[in-house]
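Trainee: I have a structure open here. Can we go through a few parts of it together?

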Amino acid sequence: MLTKESLIREFEKEYKKYYEVELFRKEGFTRKKCKTCNKAFWSTTAEANCGDSSHNDYSFFGKQRPKSELLTYSQFWKKYADFWKKNGHELLPRYPVICRWRDDLYFTIASIVDFQRLEKGKVVFEYPSSPLMVPQICLRFVDIANVGVTGRHLSCFMMAGQHAFNEKKSLKGEKSKEYWKDETIEFNFKFLTQVLGIPKDKITYGEDLWHMPDFSAFGPSIESFSGGLELVNSVFMQFRATSDGKFEELDTRVIDVGWGFERLLWFYNKTLSVYDSVFPEEIAFMRKKSHLEIDDKLYENYSKLAAKLNIEEVHNLKEEKEKIASNLGISLAHLEKTIAPLQAIYAISDHSRSLLFALTDGALPSNSAGGYNLRILLRRAFGFIDEYGFDFDVFEIMQMQAKGYKEIFPELSENLEGIKQVLIIERRKYEETKEKAKRLATEILKKGDLNAEKLQMLYESHGVTPEILENVAKSLGIEAKIPTDYYRKVTEKHIMDTKTKKDPLLENAKFQKLPKTKLIYYEDVNKLADLAKVIAIFDDKIVLDKSIIYPEGGGQVADFGTIGQAKVLDAQKTDGVVLMKVDKPNLLKEGSSYDILVDKARRMSLRRHHSATHIMIASCRQILGNHIWQAGAKKEEEEAHLDITHYEKPSLEQLQKIEQLANKHVLDNVKVNINFWNRGEAERKYGFRLYQGGGAIGNVIRVVEYVGVDVEACGGLHCESSGMVGIIKIVGCEQIQDGVVRIRYKAGEQALKWIQKREEILKNASFELKVQEEQLPATVKRFFDEWKSLGKQLEKAQEDMANNSAIKLVHEAKEMLKEAHSKKLIKLELRLSPPLLERVALEVSKVEGMAILLTNPDGFAIAAVNEHSKLSALDLIKEAGAKGGGNKNIARGKIIQK
């Protein structure tokens with residue numbers, strides 16, 4: 001079995017083959033072993049230190065460049081990009097940070113992910129050119145606790161991806177421009193020495209290995225270090241595991257170099273932290289607005305110590321902080337007072353940028369999937385602002401960032417208004433849960449039963465963050481032991497999507513030999529009758545050689561119909577084979593041919609609903625904002641629904657606008673073009689909006705275009721033009737989960753039936769109320785107001801009746817006391833509500849020694865007994881045939897009907 005450790009040992013045995021490159025020989029780099037970590041590395045000096053930051057202090061800063069020489073993010077990008085353009089790399093725009101093209105990932109976590117696609121569970125590559133450079137913004141959430149603290153950790157960063165794809169055949173039959181290890185390290189050395197100005201004796205190259213979790217792709221990697229900082233990792237994706245526990249060469253050998261752009265800028269500017277280089281204007285603004293004075297010398301000393309700090313590797317964070325404070329010659333309280341607020345500002349800078357890119361690309365904070373991680377970042381930022389009383393908000397920082405990145409990422413400035421609305425609503429939700437979270441945190445801390453599972457439950461169910469717990473603990477004088485890897489544990493499950501279970505039929509030997517079904521419904525959507533041969537039977541599932549019956553897919557349910565005398569109840573497509581479930585499989589035989597018929601009315605209704613769905617998603621996006629993406633859809637015969645990503649339930653006015661726009665697209669009778677495209681060409685022409693229903697599963701995709709309205713990769717059946725839809729009527733809307741809204745609608749004949757039914761209801765209501773339909777709203781309001789008025793009058797009358805009854809019964813009770821041998825019990829039924837009955841009973845029970853049992857026509861029973869009575873209230877309601885509870889003095893119940 002292959003492991004990273006076993007492969008590294010094997011690669012080390014043949015290091016000249018896997019790691020040595022021409023540049024090492026040319027520039028005098030020799031191979032050594034690090035005396036601290038025993039890692040193999042290359043350098044031009046005799047020192048046995050690999051340069052890794054895990055056991056080296058930062059030494060590249062201390063003397064910041066003069067302000068006139070400091071470069072901004074955009075300025076340094078120009079310098080960086082010019083280098084790669086001059087060296088033959090095509091510059092691409094960034095891909096979205098939401099990984100729409102892969103169903104197993106929520107976020108783009110590395111630049112190579114841009115070019116990875118899944119086919120039958122395996123990763124293949126789709127790229128527009130080679131070699132290339134892409135300024136890919138990536139989101140990673142495993143280091144949240146370190147962000148702002150260590151000086152180097154980020155949840156959002158640019159992996160400036162240097163990639164070359166070495167196929168056996170070049171891209172266009174031209175002479176190959178791709179390259180391998182020698183050229184990669186040559187480019188690396190040139191950039192480090194010429195652009196960053198690093199002397200070669202200050203560079204070390206460490207040997208390592210990169211691999212996919214299942215070893216479906218792996219290869220040697222060479223890490224570049226200088227001044228205690230890892231600047232870049234050059235991965236040579238070359239091999240894949242084989243079934244016999246060995247490995248073989250990939251069909252495409254990939255250069256995957258992830259330049260940490262923020263670290264390069266930090267190294268160039270030599271500021272005290274990466275944040276000071278990446279967010280200088282934002283930090284200056286926040287410090288000024290917060291009146292935050294920082295002892296820069298103290299922070300410089302702290303920054304050098306922070307190089308070795310990794311919160312998640314620390315078992316006791318308080319002890320670690322005390323150690324740092326001691327090394328700085330200050331108290332822990334002074335450290336937290338002077339350094340902690342700046343760390344919070346650094347974290348806000350990072351978190352706001354992560355959210356800016358994610359929200360621009362159509363994500364929303366929520367309690368599920370990838371949105372869970374975004375909400376963690378946002379609430380953490382809100383928490384810091386509240387904790388330190390900062391006089392600014394997250395949106396102000398986002399505006400500054402969008403402006404600063406306009407030259408590289410102009411799209412960030414185009415969506416600010418929609419982002420502002422999201423933040424307003426998220427802030428309101430945060431405020432609603434904050435006080436409750438504090439109360440709950442107080443209860444939990446006082447009980448002292450805090451563990452990892454409870455922490456996760458507290459956040460997911462009640463919004464209690466570690467920061468809230470820490471602050472509450474301080475106020476109570478309690479030490480809260482919060483796991484340092486908390487954020488890693490709660491975010492890691494929201495990075496990759498859950499894989500679907502494999503169909504067991506795929507393992508069936510007979511099924512595996514079947515040819516793929518010929519899909520006639522794509523060739524001629526109007527063909528509803530055909531002759532086809534049964535080529536296999538699996539219990540009640542039938543396989544034909546060709547199919548006019550559409551199997552369920554893309555949210556569209558299957559056609560119904562008949563195969564001979566057997567009814568088709570369902571149809572599914574598995575690995576290219578259409579399986580039809582029938583009611584009477586015994587009427588069919590393998591090898592025989594039968595007449596196939598499709599239910600015409602159902603087919604037409606499904607086509608209309610599928611077409612309506614594409615029109616609806618486009619209309620929702622235009623009315624509600626660019627953040628709208630499809631989160632699910634179902635197209636059935638009588639109705640369809642569309643689930644969209646949206647932060648609140650749309651108003652009636654918004655739904656009416658969506659409906660009006662959708663029907664305008666119908667009336668415009670736009671043409672529907674359906675074509676099969678090469679996946680890469682389709683992505684380049686239409687972008688990733690193609691993937692509303694999920695990522696592409698093959699290198700050829702079916703693209704459905706409603707000209708000028710919507711374009712999607714889709715396997716469903718559609719109308720030839722939008723006019724065939726007839727009409728679209730929204731019939732319902734609800735928020736089905738946090739950040740997801742479901743809109744239900746009907747199209748064509750189904751919409752007409754629904755409208756006519758509502759018209760009938762209106763006419764019947766008008767008839768009963770004896771008014772015109774136009775007068776219904778006013779009439780209903782008048783009746784409602786009168787009903788409320790009568791209700792109040794009835795309530796007042798009952799109150800009067802209760803008061804009178806109480807006076808009368810108290811008088812009777814007092815009279816009964818004068819009688820000898822009296823049971824001193826009153827039993828009576830009154831037409832009063834339960835609260836009023838109880839009021840009367842309690843008044844009577846004040847008379848010494850008296851008991852009373854009152855009931856009403858609805859079966860409510862109340863018994864009240866004076867403390868000097870020998871009777872029991874519980875016994876009285878039981879004797880009355882009531883089931884309930886209470887005590888000796890008062891009991892309530894409901895009389896059970898016999």
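What follows is a short chat about some residues and strands.

Mentor: This is a predicted model, where local features need pLDDT of at least 70, side-chain atom pairs count only at pLDDT 80 or more, and totals for chains, interfaces and linings use all residues. Residues are numbered from 1 along each chain as its sequence is written, and side-chain values use heavy atoms, with hydrogens and water left out.

Trainee: Where is Asp559 found?

Mentor: Asp559 lies in the loop between strand E15 (546-547) and strand E16 (561-563). Strands are DSSP runs of at least two residues, helices (H or I) of at least four, numbered from the N terminus.

Trainee: Is Asp559 buried or exposed?

Mentor: Asp559 counts as buried because its relative accessibility is 0%. Buried means under 20% relative accessible area, exposed over 50%, partly exposed in between, with a 1.4 Å probe and protein chains only.

Trainee: What does the side chain of Asp559 make a polar contact with?

Mentor: The side chain of Arg603, at 2.6 Å. A polar contact is a pair of N or O atoms within 3.5 Å; within protein, one must be able to donate a hydrogen and the other to accept it, and residues adjacent in sequence count only if both atoms are side-chain atoms. The Asp559 side chain also reaches the backbone nitrogen of Tyr550 at 2.8 Å.

Trainee: New topic. Which helix holds Ile444?

Mentor: Helix H15, residues 416-447. Ile444 is buried, because its relative accessible area is 9%.

Trainee: How far apart are the C-alpha atoms of Ile444 and Phe395?

Mentor: They are separated by 33 Å, and the two residues are 49 residues apart along the chain.
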